[in-house]
Each structure stands twice: as structure tokens, then as C-alpha cells.
Amino acid sequence: MKNTSNKYLIIFIFVIICMISGCSGEEAQPPSTALPDGGVTSGEDAGGGEEDAEVYDAEADAPSDAACTFDGSCWTCAAGQRPADQEQLLNACTPVQGVRFDNAARLPLLNDDGSLPPLP
Amino acid sequence: MPRRMLSVAFVLSCALLAQPARAQDAIPCASLPNPVYGIGGSAQKPTVGDFAAAFRAAEEEVTLIYASPGACFAMSAFIDHAPITGTASYWEADGAEGVCTLPLAGVPADFGIMGNAPTTCPGVEGLPPGVGAFEGAVLGWSVLVPASSTQQVISSEALYFVYGFGAEGQVAPWVDPAQLFSRNGTSAAGIAIARAAGLPVERLGGVDVRTNGAMITQLAGSTQPEAAIGFVSGDVADRSRDTTRALAYQHVGQRQGYWPDSTATRFDKLNIREGRYWLWTSTTFYAPLDASGQIAHPGARRFIDLASGRAAPTAEIPSFDLLIQGGNVPRCAMHVTRAGDYTELLPYTPPVPCDCAFEAIATGATSCAPCDDDSACAAGDAPFCRFGYCEAY
């Protein structure tokens with residue numbers, strides 16, 4: 001229990017420090033008592049509701065020239081580089097276990113070029 | 001379905017689908033301490049229950065009361081001002097769920113929860129004025145089979161045939177129409193699977209079971225487990241692993257499928273977090289705002305602020321732990337993002353990472369070094385103390 005209390009105290013102190021000094025980041029962050037990636041307020045004509053922390057721009061912190069190569073089965077990114085797009089994310093080389101669904105073998109109605117037929 | 005019909009449908013569905021009460025008779029919701037009324041998707045109900053139990057145990061006791069007829073009904077509540085009627089769920093401090101009855105005239109919603117954008121709901125063109133949206137944690141969607149099924153994986157294309165063609169889709173073993181369990185277009189789950197399959201939501205076939213909970217019941221009780229298939233939110237899937245099993249999901253253009261977690265049995269949500277699992281959304285909270293732009297209802301404000309991460313966790317309401325233990329992923333543990341519902345995945349670097357804390361809470365273990373401050377973190381790879389663990393930045 002004491003460790004849990006200390007953890008929350010540390011979190012609380014951290015966010016207070018963030019309120020006072022501002023947390024580092026590529027975009028300016030408004031003062032917040034929240035977790036640093038807290039929610040966003042929106043809504044039309046919200047009566048002048050406060051602007052809250054925005055969704056962080058992935059591009060702002062990602063390397064400007066992601067250098068990833070495809071080895072025939074998956075994408076490998078050089079040290080310090082990150083996948084640049086969904087293709088590279090979904091097909092990144094990884095030791096994590098995956099399972100292949102063989103569309104060609106299991107979907108008899110699939111077109112020969114892998115495209116989908118129209119709905120009935 | 002037009003919105004007003006949606007509202008009528010909601011009233012009727014509440015009357016027809018009222019859940020059986022606990023051993024004691026259902027009590028009036030208004031008799032509960034400091035009730036706060038919410039409505040929305042059944043996908044978020046387990047998380048609401050976790051928070052509700054904590055709020056009942058808090059010194060300033062609040063009772064979260066939640067009706068979960070479907071995500072889009074939250075929009076009916078705020079656009080058409082449809083009251084919440086019939087029955088709803090509430091939770092005791094020990095987490096036990098009960099059913100309470102609402103007044104005949106119903107009550108206005110103090111908050112709503114959806115796992116899909118408002119504009120994906122039938123007839124909804126946008127969020128109405130005076131209603132705020134507050135983005136919460138990430139929640140995955142799982143395609144499920146009964147635990148005894150031998151199936152391991154499914155693809156986007158297979159979902160297209162299963163739910164777009166039914167038995168005619170010839171996707172063995174999912175060719176028995178009575179075993180293809182589904183949701184309608186008012187549910188975030190139905191919208192999610194339709195988007196994954198490339199189907200217009202109105203063309204999503206299968207047997208509509210109406211709620212995430214009912215989906216589990218149908219799958220777990222199927223007499224043809226190999227032929228049965230369905231889908232639920234990740235938090236519901238995680239709590240149902242004794243009777244159902246998630247399939248790995250292979251998206252369009254993906255060379256193989258992955259589970260939301262690094263394996264079928266872990267709880268680390270690693271593949272969601274690192275972008276190998278496409279099927280996820282952001283939970284968003286909605287609430288009427290007052291003239292100053294704040295959430296109007298104090299109890300709703302307190303709940304949403306904590307559940308969305310706008311307010312720091314407290315000892316009474318350890319929101320960070322509750323979200324993670326419930327199967328949600330705070331943004332600080334994500335390494336991908338997307339601009340809108342089911343749009344392209346993009347790399348993301350959280351300003352303050354919480355991977356270590358997430359893993360510790362979600363799995364009970366982490367390889368990261370614990371810390372109280374930066375001084376406890378060895379210089380080198382992980383010199384910063386974040387959420388109680390040493391992180392790289």
C-alpha cells in the first residue's frame with residue numbers, strides 16, 4: 001500500500017511540476033493536471049470551452065527520413081528509424097508470433113488478382 | 001435507421017431487453033447515492049463498472065448508472081434529447097453489478113460513451129452544440145470463436161465474405177448462418193468490423209445479438225463451436241477468455257495476422273501498441289457543457305476527467321490502473337495513432353511514455369527498473385523516471 005501511495009504521490013508531483021514548468025514536447029502543452037496524454041475537449045459552439053491537450057502530431061517526433069527496407073517478407077528499419085506508414089507498421093519484422101491466413105487457399109470466391117467481388 | 005426511430009427503438013429495446021436483476025428486486029436508480037446517468041456502447045460497460053465500483057467506495061460517493069443499448073444511442077440522447085428509460089446497470093463498491101429502474105419519463109443523460117465517431121451513426125452529421133467530446137484510451141476489437149474452436153486467424157477479406165455473403169461466402173468453417181453472430185450499425189462493434197471487412201455497415205450480416213455480453217453468451221453456448229464466430233470489444237474479450245478465444249487478425253495488405261497481445265494468452269496489447277494489429281479505436285466520452293465550457297454535471301465531470309486522463313489518478317480512483325487492467329491502452333503506451341476512426345495507422349511517439357508501467361499493470365511484470373525519481377535510473381538507455389519506471393525519455 002505504501003508503495004502504491006508513493007507511486008501516486010510521484011505522479012501527482014510530476015504533473016504539478018509539469019503545470020509549473022511545462023512538459024517538454026514538440027508542441028506546447030497547456031497546463032494540465034492530467035496524464036500527459038489526456039483527452040481533448042471538442043464540440044461545436046462549446047461555449048468557449050477550454051482548449052485541452054491536442055492529439056500529438058506523429059510527424060513532429062518521428063524521424064523525418066524513416067529508412068526501412070523490405071527483405072521480401074517484412075520491413076526492417078535502421079537503428080533510430082521508425083516505420084513510416086501503415087504498410088511498414090503492419091508488416092514490420094518482429095519476433096512476435098503471427099499466423100497467416102491464406103486468402104487464396106481459403107476464399108474460393110476471391111478474384112484471381114486478390115480483389116473482392118461485389119456483394120450479392 | 002433515422003435518429004428518431006433510433007430513439008423509439010431504444011425505448012422499446014429497454015423494455016424488451018431488460019436484464020434480470022440480482023437476487024434482490026431491481027431498485028429505483030434515483031434511490032442510489034448521487035446518481036450519474038450515462039448511456040452508450042456495451043463495449044465500454046466493463047470499464048464503466050470498474051470505475052463505478054471505485055466511485056462507490058470513494059469518500060465522496062457517486063453512483064455511475066449506465067445503460068448500454070449501443071454506442072449510437074448516446075447521440076440520440078444528446079441530439080434528440082431522448083431520455084434514458086427502462087433499466088440500467090449500477091455497481092456496488094465490491095464490483096457486483098445490479099439493475100435499477102428508471103422513472104417512466106426517463107432521465108436525461110449526464111454522459112455518453114462511444115467507440116466510434118458520431119458521424120458513423122445513422123443520420124448523425126456531427127456533434128451537437130453544447131456537447132463536449134473527450135478522448136479516452138485506446139480499445140481494441142477482437143474477432144472471437146468459442147474456446148474449443150480450432151481456428152486461429154482470420155483476414156479482412158475473410159470477414160468480407162463471412163459477414164457480407166454469409167454461408168454463400170464459402171469461408172469454411174464459418175458457413176452456418178445461425179452461427180455467424182453479429183451486431184447492427186448502431187453499435188461501435190458492428191461499425192468496427194464493417195470497416196475492417198470493407199463492408200458498408202448496413203450490409204453487415206449475421207445474427208444481431210445486440211450487446212457485447214450477449215455475443216459472449218452466444219459463442220460460449222454454441223453447439224457448433226467450430227462454425228461459430230463473433231466479435232466484441234477487447235475489454236470484454238479479455239474477461240471472457242475462459243469460454244472464448246480471440247482470432248489473430250490479418251488486415252488488407254498484411255502478410256500475417258496478429259493477436260491484440262503479443263500472444264493469444266498474454267495481456268500486453270503489444271500488437272495494438274506497436275501497430276501490427278489494425279482493429280482498434282479510441283473511446284470517447286461525451287457530456288453536456290455548461291456556459292463556461294465545462295462538463296455540466298459534477299459527477300460526470302469527475303468520472304470523465306479521470307477516465308479520459310484529463311485528471312491525474314487518485315488513491316481512491318486509480319484510473320490509470322483501472323483502465324489498463326480493464327483492457328484499455330492509454331495513449332502514453334501507444335506507438336501508433338490514426339487521424340480518425342479506422343484511418344491509416346501512423347507512427348506515434350508519446351510525449352511521456354508509460355510502456356513500462358503499462359506492462360507492469362497489464363501483465364504483472366516488467367523488465368524495466370522501478371524508480372521514484374530520475375536519480376534512481378542508471379545513466380544510459382533509460383535515464384528518466386516515468387510513472388514509476390525508468391524509460392528512455
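Me: Hi! What should I know about the model before we start?
Reply: It is predicted, so local features need pLDDT of at least 70 and side-chain atom pairs count only at pLDDT 80 or more, while totals for chains, interfaces and linings use all residues. Residues are numbered from 1 along each chain as its sequence is written, chains are lettered from A and ligands numbered from 1 in the order in which they are written, and side-chain values use heavy atoms, leaving out hydrogens and water.

Me: What about Cys74(A) and Cys93(A), how far apart are their sulfur atoms?
Reply: They sit 1.9 Å apart. The torsion about their S-S bond is about 90°, so this disulfide is right-handed.

Me: And are those two buried or exposed?
Reply: Cys74(A) is buried at 14% relative accessibility, and Cys93(A) is partly exposed at 29%. Buried means under 20% relative accessible area, exposed over 50%, and partly exposed in between, with a 1.4 Å probe and protein chains only.

Me: New topic! Which residues of α4(B) touch α5(B)?
Reply: Ser156(B), Leu159(B), Tyr160(B) and Tyr163(B) do, meeting Ile193(B), Ala196(B) and Ala197(B) of α5(B). Contact means heavy atoms within 4.5 Å, and helices are DSSP runs (H or I, at least four residues), numbered from the N terminus.

Technical notes:
Helix = DSSP H or I, 4+ residues; strand = E, 2+ residues; numbered from the N terminus. Disulfide = S-S within 2.5 Å.
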